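Biologist: Please take one part of this model and go through it closely. Keep it brisk.

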Amino acid sequence: MITFDLNKPLHIIPVGRVAIDFNPTDYNRPLNESNNFNKYLGGSPANIAVGMARLGNKVGFLGRVSDDQFGTFVTDFFKNEGIDVSHIFRCQNGEKLGLTFTEMLSPTQSSILMYREGVADLQLCVDDVDEAYIASSACLLISGTALCTSPTREASFKALAFALRHHVPVVFDADYRAYTWKNKDEISIYTSLVAEKADIIMGSREEFDLMERLLGLDGTDETSAAYWLGKNAKICVIKHGKEGSCAYSREDGNWNVKPFPVSALKGFGGGDGYASSFLHALMAGVSLPDALERGSASAAMLVASHACSKDMPTEESLMQFIKEEKEKYGSVITAL
């Protein structure tokens, strides 16, 4: 359905959010009572970049970081994962990386506190977007948080325009965060403009509802899928949290995906694991249901671990997890 030219120098360039996560090591207590934290690279596009690099893809990144030790932490982490950092730029006006503090009240209750005012990743500007760099990739991934404000909004649309010009497949990961958006109409306007040009759209039911707010749709997965597949999309993945996800395609069937049973440590990070393993599998020519299985497996591994980026699986660990889980529980994929 989608042709990825893996002979290009890069397989994917994510655009957008990169941050620092602080995850508590004293579990099962509210954030105000947490005293000890581990520091990790965070941000959905950054996590996906790491996840795909761990699986063997050639990965780039387009974004901005702070001109300080945390900015160096990000670029060093990326370099150690084999990710190209030639188009990660340093802010020059004192902007800092966004900080994310996570709360792990219980295996089924977690939340996130973000500091997103005036952060570095939202300073990506049109001058940072190089046409040759976008053309050098087999895929462009745009995150919804990169559309929430200027100048990163215009930079994202410029990257999208170059991708379309050079026939680079586009993935839109809705990645909604309430911070920095002004209102829900604004969310719908800008996310839908990117979604209608994307080849793959991924998001939660809530994110699809926000994207479709001004479109007059009825809020069902079937209606959403029919609408976006009637635009440019070849695949729509609509996530329902602990209930799993549904995937709709033009040519490879429609599928229900249940999560692999695990003892969860946290309720976040699974979506980034899902996206990285799913996209990697599609690029490798795996069938849609098998790609969805790998995405679901990676998501399960991530919610059962303490970190996101640091704990992204390798191909070997992912396939071993699937083998063991299927022996216990059977397949998680059924046709819709």
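Modeller: Two strands pair if DSSP finds at least two bridges between them. Helices (H or I, at least four residues) and strands (E, at least two) are DSSP runs, numbered from the N terminus. The model is predicted, so local features need pLDDT of at least 70 and side-chain atom pairs pLDDT 80 or more, while totals for chains, interfaces and linings use all residues. Residues count from 1 along each chain as its sequence is written, and side-chain values use heavy atoms, without hydrogens and water.

Start at one end of the sheet. Strand 13 (residues 255-257) runs antiparallel to strand 14, joined by three bridges. Trp 255 has Ala 335 of strand 14 as its bridge partner. The whole sheet is open, with eight strands in the order 1-8-9-10-11-12-13-14 and mixed pairing. On average, neighbouring strands are turned by 15° against each other, direction ignored. Angles run from 0 to 180 degrees between N-to-C directions of axes, which are lines fitted to C-alpha atoms, for helices over the stretch in contact.

Now the helices. Helix 1 (residues 44-54) lies across strand 1, strand 8 (140-143) and strand 9 (170-173), at about 165° to strand 1. Contact means heavy atoms within 4.5 Å. Helix 7 (residues 221-229) lies across strand 10 (200-204), strand 11 (235-239) and strand 12 (245-249), at about 35° to strand 12.

Helix 1 also meets helix 8 (residues 270-283): their axes come within 8 Å and cross at roughly 45°. Among the contact residues are Ile 48 and Met 52 of helix 1, and Leu 279 and Met 283 of helix 8.
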